[in-house]
Amino acid sequence: MAGIFEGAGFGGLVQWNGEMIEKKIVDACIKGVDQTMSEAAAHAKNNHPWRNRTGVLEGSIRPVAQAQVRGAEIVGVWGSASVLYAAFLELGTGKMRARPFLRPAADAVYPRLIGKIKRYLGFAA
């Protein structure tokens, strides 16, 4: 990329920092996604529509896998990976209506992700 500036009178003053910038952006995205997953898990624990009897399901809601680069995406996993009936509550069954708690948490928290990424990049949110 620096080659296009060589004859333009810049005399080697322009330096390509694309890899460094890309790393900074990816790091900010990973931090933002990790923080957003933690907030979504907390929201789901505190705002579920069922009466908590044992605390098992509520205690299982957490980030499951930290954010990481997968191809052209930053992917993280959160929810309840250890309690089978979490899916029944979230999606419902043929005999029970859905009582979603993960999707509403995502809907409440995900819109703030871009602000987190901007803050990690040093921009005012």
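Colleague: What covers the buried residues of helix 5?
Modeller: The cover includes helix 1, where contact means heavy atoms within 4.5 Å. This is a predicted model, in which local features need pLDDT of at least 70 and side-chain atom pairs count only at pLDDT 80 or more, while totals for chains, interfaces and linings use all residues. Residues are numbered from 1 along each chain as its sequence is written, and side-chain values use heavy atoms, with hydrogens and water left out.

Colleague: Which residues are buried in helix 5?
Modeller: They are G115, K116 and I117. Buried means under 20% relative accessible area, computed with a 1.4 Å probe on protein chains only. Helices are DSSP runs of H or I with at least four residues, numbered from the N terminus.

Colleague: At what angle do helix 1 and helix 5 pack?
Modeller: The angle is about 135°, and the axes are 8 Å apart. Axes are lines fitted to C-alpha atoms over the stretch in contact, with angles from 0 to 180 degrees between N-to-C directions.

Colleague: Changing topic, where does H48 lie?
Modeller: H48 sits in the loop between helix 1 (18-46) and helix 2 (56-60).

Colleague: Is H48 buried or exposed?
Modeller: H48 is buried, at a relative accessible area of 17%.

Colleague: What does H48 touch?
Modeller: Leaving aside residues up to four places away in sequence, H48 touches E58 and F101.

Conventions: Helices (H or I, at least four residues) and strands (E, at least two) are DSSP runs, numbered from the N terminus. Buried means under 20% relative accessible area, exposed over 50%, partly exposed in between (1.4 Å probe, protein chains only).
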